[in-house]
Amino acid sequence: MIDTERTASVTAVLDSLAEAWARGDADSYGAHFTEDATYITFVGTRYQGRQDIADSHRSLFAKFLKGTRLAHEVLDVRFLGPDAAVLTSRGDTVKGKQPKALTKVQTYTLVRQDGRWLVAAFHNTQRKSLMERISFAFAPDTRPKAAR
């Protein structure tokens, strides 16, 4: 049975992260993470802790990511108990209109602390769709069952 209220409260975290990102508000963005959160970027950079995440995004929002916004599509939410969830999504950082295909796959591990869902771990991976198609063509059994 799907717990739609709990699922909605978890997916709302992504919407709120995107709102903070669009404002370029690093402190609000960082507030969505646990004090000891782990954050892995698609290039492999690892940040440890809420403050490290907020500080790095403050610099990114002032330079490389200035004027960008997050686009995301939730793929799955799985609860590991009453206060833990894993959310997978497709996403991208965009400037202007949203692309037809989102190029990253993300995993969020969320925990509920003091009645609020926070991100305890985040991992972002650049999707290589051409490599996927080649793999699936030469080894069809590598295609995920949901995509068959």
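This is a predicted model: local features need pLDDT of at least 70, side-chain atom pairs count only at pLDDT 80 or more; totals for chains, interfaces and linings use all residues.
I looked up Glu-35 to begin with, and it is exposed, with a relative accessible area of 57%.

Residues are numbered from 1 along each chain as its sequence is written, and side-chain values use heavy atoms, with hydrogens and water left out.

**Entry: Glu-35**

I looked for the partner of Glu-35 and found a salt bridge with Arg-50, where the closest N and O atoms are 2.8 Å apart. A salt bridge here is a side-chain nitrogen of Lys or Arg within 4 Å of a carboxyl oxygen of Asp or Glu. Glu-35 lies in strand β1 (residues 33-40) and Arg-50 in helix α3, so this pair ties together parts that are 15 residues apart in sequence. Helices (H or I, at least four residues) and strands (E, at least two) are DSSP runs, numbered from the N terminus. I checked Arg-50 as well: it is partly exposed, with a relative accessible area of 25%.

**Entry: the other pairs**

I found 6 salt bridges in the structure. One of them joins the side chains of Asp-27 and Arg-58, at 2.3 Å from N to O. Asp-27 belongs to helix α2 (residues 26-30) and Arg-58 to helix α3 (residues 50-62), so the pair links parts that are 31 residues apart in sequence. I read Arg-58 as partly exposed, at a relative accessible area of 36%.

I then looked at Lys-104, which forms a salt bridge with Asp-92, the closest N and O atoms being 3.2 Å apart. Lys-104 sits in strand β5 (residues 104-113) and Asp-92 in strand β4 (residues 84-94), so the pair ties together parts that are 12 residues apart in sequence. Lys-104 counts as buried at 8% relative accessibility, and Asp-92 is buried with a relative accessible area of 9%. I also noted that salt bridges with shared partners join Asp-27, Asp-55 and Arg-58 into one network.

**Entry: helix α1**

I looked up the buried residues of α1 and noted several, including Arg-6, Val-10, Leu-14, Leu-17 and Trp-21. Just after α1, Gly-24 takes a positive phi of about 70°.

Notes. Buried means under 20% relative accessible area, exposed over 50%, partly exposed in between (1.4 Å probe, protein chains only).
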